[in-house]
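Visitor: I have a model open and want to learn how to read its packing. Where do we begin?

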Amino acid sequence: MGKRKELEPWQKQDATRLKTIWDAKSKGSQAQFAEDYDLSSQPLVWQYLSGHIPLNLEAAIKFAQGLEVSVADVSPVLALVLD
């Protein structure tokens, strides 16, 4: 298995923003969030929150819905695609 590609600075910032929002607004477990918002599994939620993998637009939308924030609050860069 090859080495994972380093996240871009903006992707790291997205992960930091997401984790901050998660800590302030999440009402349940990562596993429950994954189930409720069709994010595959708790480990996937953890990987997004910890910055191990970059957010994509679909995941950013799901986190925004679940945490009751805008996509721009989570990822200003990904939100540009929605404009």
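Guide: Begin with burial: a residue counts as buried when its relative accessible area is under 20%, and as exposed when it is over 50%. Keep in mind that this is a predicted model.

Visitor: Is Ala34 buried or exposed?

Guide: Ala34 has 5% relative accessibility, so it counts as buried. Ala34 sits in helix α2.

Visitor: Which residues does Ala34 touch, leaving out those up to four places away in sequence?

Guide: Ala34 touches Leu39, Ser40, Ser41, Gln42 and Val45. As for Asp23, 11 residues from Ala34 along the chain, the two C-alpha atoms are 16 Å apart.

Visitor: What do the buried residues of α1 pack against?

Guide: They pack against α2, α3, α4, α5 and α6.

Visitor: How do I describe one such pair?

Guide: Two packed helices are described by the angle between their axes and the distance between the axes. Take α1 (residues 9–25) and α3 (residues 42–50): their axes come within 7 Å and cross at roughly 115 degrees. From α1, the contact uses Ala15, Leu18, Lys19 and Trp22; from α3, Val45, Tyr48 and Leu49. By type, the contact residues are 6 nonpolar, no polar and 1 charged.

Visitor: How many residues does the largest nonpolar core have?

Guide: The largest nonpolar core has 21 residues. Those with the most contacts inside this core are Leu18, Leu39, Val45, Tyr48, Leu55, Phe63 and Leu67. Two or more residues come from each of α1, α2 (30–36), α3, α4 (57–67), α5 (71–74) and α6 (76–79). Helix α4 gives the largest share, 5 residues.

Visitor: Which residues does Leu18 touch, again beyond four places in sequence?

Guide: Leu18 touches Tyr48, Leu49, Leu55, Phe63, Leu67 and Val74. Leu18 is also on the list of buried residues of α1, and is part of the contact with α3.

Technical notes
Residues numbered from 1 in each chain as written. Predicted model: local features only at pLDDT ≥ 70, side-chain atom pairs only at ≥ 80, totals over all residues. Heavy atoms only, no water. Axes fitted to C-alpha atoms, helices over the stretch in contact; angles between N-to-C directions. Helix = DSSP H or I, 4+ residues; strand = E, 2+ residues; numbered from the N terminus. Contact = heavy atoms within 4.5 Å. Nonpolar A, V, L, I, M, F, W, Y, C, P; charged D, E, K, R; others polar. Core = buried A, V, L, I, M, F, W, Y, C linked by side-chain atoms within 4.5 Å. Buried < 20%, exposed > 50% of the residue type's maximum accessible area, 1.4 Å probe, protein only.
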